[in-house]
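Dear colleague,

I am handing over the structure we discussed, and my notes on it follow below. Please read them alongside the sequence and the coordinates.

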Amino acid sequence: MLNQKYYGYGTAPSVIRELFAYGLEQAKIVGKDKVYDYSLGNPSIPAPAKVNDTIKKLVDEESSILLHGYSMAPGFESTREAIAANLRKRFNTNAKASELFMTCGCAPALISVACALTSEPDDNFVVIAPYFPEYNVFFKAGGGKVRRVAPDIPDFQINLEALEETVNHDTVAVVINSPNNPSGVIYTKETLEKIAAVLKKKSVKYGHPIYIVADEPYRELVYGDAKVTFIPEVYDDTIVCYSWSKSLSLPGERIGYVYVPEKCANGQALYATIAGAAREIGSVCPPTLIQRVVEECVDCEPDLLAYDENRNDLYNGLTEMGYECAKPDGAFYLFMKAPNGDDMAFSEAAKLEENILIVPGTGFGCPGYIRLAYCVSNKTIKDSMPGFKRLIEKYGK
Ligand code: PLP
C-alpha cells in the first residue's frame with residue numbers, strides 16, 4: 001500500500017505549474033513573444049557578477065574533491081560565521097554561527113521547523129492569508145495542522161482580531177512572510193509589535209511558547225523607503241528561515257538556513273530538534289560549492305532596478321485602466337482584484353483570450369484576487385498591456 005498522503009501531494013494539480021506548462025505549449029503555436037507569463041516566481045535578474053566570479057575562482061583554485069564533497073551536517077562553520085556577521089552588522093542581534101543551520105533552500109528550512117515543533121496531532125501552525133500555497137504541505141509535514149487567518153482586505157496587513165481568535169491552545173507557531181508572496185506587502189513594525197504582544201499574552205495563557213516562524217526569502221527585495229523589520233528584534237521566540245533563492249537569484253542552487261536565536265524559548269534544544277528534523281528530510285550538508293559562494297557573497301546586494309521598473313510600469317498601467325491593487329513594497333508580486341470578482345474565471349479568460357498567464361488568489365487563501373509575478377522582461381509588461389485593457393473592458397469592474 002502506498003502512502004496516500006504523498007500520493008495525493010504527488011498527483012494534485014498545481015495551478016501555477018499548469019499555467020507555466022500551458023505557456024510553453026502556446027509559445028510553440030503563437031510565438032514566445034505573444035505569451036505573457038506572470039505565473040512563476042523565478043527571478044529574472046541575473047545573480048550578481050561576484051557570484052559567478054566566485055564559482056569560477058573556487059573551481060579553478062580549490063581541490064575539486066573538497067569542493068564537491070560533503071560539508072558538516074549544519075554547514076561549514078566559516079559559512080555560518082560569515083552569515084552571522086552579516087546579521088550582526090545589519091540588525092540588532094548577537095547572531096552566532098552556532099545558531100545557524102544551513103539548509104537546501106528555504107522550503108526545507110520551513111519543513112524542518114514544522115517537524116521540530118510538532119509533537120501532538122492537534123498541534124497547529126497559524127498562517128495568514130494570502131499565503132504561499134505550499135504552507136499547506138510544509139506545515140503538515142510533522143503531522144500537525146494548519147489554521148488560517150482571513151485576509152485583511154484591501155491593505156493585506158494582518159487582521160489582529162482574527163489572528164487572536166485563530167491562535168488557540170494547540171498553536172505552536174504563527175508563520176509570518178514579509179515581504180509577502182503573493183501580495184508584495186511588507187508588514188509594518190507596528191503590526192509586528194502588536195502580533196508580538198498577542199503571542200506573549202497567549203503563550204502565558206496556554207503555558208507554552210508560541211513561536212513566530214519568519215519566512216524570509218524576499219527579505220532583500222524591497223523598494224523605495226520601505227523597511228523590513230527583522231522579527232527577532234520585536235519577538236524573542238522567533239525562528240528565521242531564509243534562502244538566497246530570490247535575493248541572489250539562486251533558486252536552483254538550493255541554499256538557505258534556519259536561524260534559531262539562543263534567546264528563543266528552549267533555544268538550544270530547539271536547534272538540536274531542527275537539526276534532527278533536517279536529518280530526517282535529508283536537508284543536511286547543503287551544496288558545498290554554494291556554501292562557499294554564499295560565504296564570500298553574503299554582503300552582495302541585489303540590483304533591484306529592473307524589478308522596480310517592472311513594479312512601477314505594471315502598477316501604473318493596470319491602475320490607469322481601472323484594475324484595483326495595492327502597490328507592492330517588496331518581493332516581485334502584484335496582487336490585484338479580479339475585475340469580475342471571480343479569480344478562477346478571470347485567470348482562465350486571460351489565458352485563453354490573451355495568452356496572459358496569471359494565478360488565481362484562491363490557492364493563496366484569497367479568492368477574488370489574482371497574483372502577477374513581475375519577475376519578467378519589461379517588454380512582457382509593455383506588450384501585455386493591450387490584452388489587460390481588452391480584459392477589463394470585457395469583464396468590467
Ligand atoms: N517561502 C515563500 C513565501 C516562497 O515564495 C518560496 C518560494 O517561492 C519559498 C518559501 C521556498 O523558497 P526556496 O526556493 O528557497 O525553497
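The residues that form the shell around the ligand divide into six nonpolar, five polar and three charged; please bear in mind throughout that this is a predicted model. Within that shell, the largest share comes from helix 6 (residues 106-117), which supplies three residues. Of the 14 residues around the ligand, those that come nearest are Asp-215, Tyr-218, Ser-243, Ser-245 and Arg-254.

Two of these names return when one looks at the N and O atoms of the side chains. A nitrogen atom of the ligand lies 2.7 Å from an N or O atom in the side chain of Asp-215, while an oxygen atom of the ligand is 2.7 Å from an N or O atom in the side chain of Tyr-218. For Asn-181, the separation between an N or O atom of the side chain and an oxygen atom of the ligand is 2.8 Å. On its own the ligand has 390 Å² of accessible area, and the protein covers 91% of this. As for its location, the ligand sits in the largest pocket.

I also looked at one further residue, Met-336, which is found in strand 9 (residues 333-337). Its relative accessible area is 0%, and Met-336 therefore counts as buried, the cut-off for that term being under 20%. Between the C-alpha atoms of Met-336 and Asn-124 there is a separation of 30 Å, the two residues being 212 residues apart along the chain.

With best regards

Definitions and conventions:
Residues numbered from 1 in each chain as written. Predicted model: local features only at pLDDT ≥ 70, side-chain atom pairs only at ≥ 80, totals over all residues. Heavy atoms only, no water. Near = heavy atom within 4 Å. Polar contact = N/O pair within 3.5 Å; in protein donor to acceptor, adjacent residues only side chain to side chain. Areas by Shrake-Rupley, 256 points an atom, 1.4 Å probe, with all protein chains shown as cover. 1 Å grid on protein atoms, 1.4 Å probe; cavity = no way out; pocket = protein on both sides within 12 Å on 5 of 7 lines; lining within 4 Å. Sits in = over half its atoms within 2 Å of the grid points. Helix = DSSP H or I, 4+ residues; strand = E, 2+ residues; numbered from the N terminus. Nonpolar A, V, L, I, M, F, W, Y, C, P; charged D, E, K, R; others polar. Buried < 20%, exposed > 50% of the residue type's maximum accessible area, 1.4 Å probe, protein only.
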